[in-house]
Structures are given as structure tokens and as C-alpha cells.
Amino acid sequence: TLILSEPDRIAPYFDIDAVRAAYARYLASPDETTSTDIFAVFQAASTSIWLLQKELEGGDAVTSRSPH
């Protein structure tokens with residue numbers, strides 16, 4: 001998976017070991033996975049995809065945001 005094969009992208013924002021553990025629990029027993037684990041994996045995957053998209057667009061995802 002993207003979040004496990006390229007963890008450096010999201011490492012500044014997530015505890016990679018915790019995300020890996022949540023994903024492993026999901027794989028081991030999908031029907032018994034907690035909503036906390038599901039949300040952790042979803043959030044990490046979503047962030048990873050967003051950061052990758054920003055990189056492919058040629059910008060730094062963090063510094064290319066519009067000012068508030």
C-alpha cells in the first residue's frame with residue numbers, strides 16, 4: 001500500500017508504527033476493526049495521496065497552500 005511502501009511522505013504528520021499496527025489489525029480481522037483504527041488508516045492514506053498529488057503538481061504541499 002502507498003502508506004506502508006512510502007512512509008517518509010507522511011512521517012512528519014503521523015506515527016507510522018501506529019498506522020502500520022492499525023492496518024495490521026484490520027488485515028487480521030476486518031470485521032472486528034475499531035473505528036479508531038479505520039479512521040487512522042483512512043486519514044494516513046488520504047494525506048499520503050494528497051501529498052503525492054501536490055508533489056506531482058510540482059509544489060510543496062505545505063508551503064503551496066493559500067494564506068488564510
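Begin by selecting Arg-9, which counts as buried because its relative accessibility is 14%, where buried means under 20% relative accessible area and exposed over 50%, with partly exposed in between (1.4 Å probe, protein chains only). This is a predicted model, in which local features need pLDDT of at least 70 and side-chain atom pairs count only at pLDDT 80 or more, while totals for chains, interfaces and linings use all residues. Residues are numbered from 1 along each chain as its sequence is written, and side-chain values use heavy atoms, with hydrogens and water left out.

Arg-9 lies in the loop between helix H1 (2–5) and H2; helices here are DSSP runs (H or I, at least four residues), numbered from the N terminus. Show its side chain together with that of Glu-6, and you will find a polar contact of 2.9 Å, that is, a pair of N or O atoms within 3.5 Å, of which, within protein, one must be able to donate a hydrogen and the other to accept it, and residues adjacent in sequence count only if both atoms are side-chain atoms.

Next, select H2, whose buried residues are Ile-16, Val-19, Ala-22 and Tyr-23. They lie on the same side of H2, because they cover an arc of only 125° around the axis, taken from the directions from the helix axis to the C-beta atoms. On the other side of H2, look for the exposed residues Asp-17 and Ala-28.

Finally, move to the start of H2, where a side-chain oxygen of Asp-15 comes to within 3.1 Å of the backbone nitrogen of Asp-17.

How values were computed. Helices (H or I, at least four residues) and strands (E, at least two) are DSSP runs, numbered from the N terminus.
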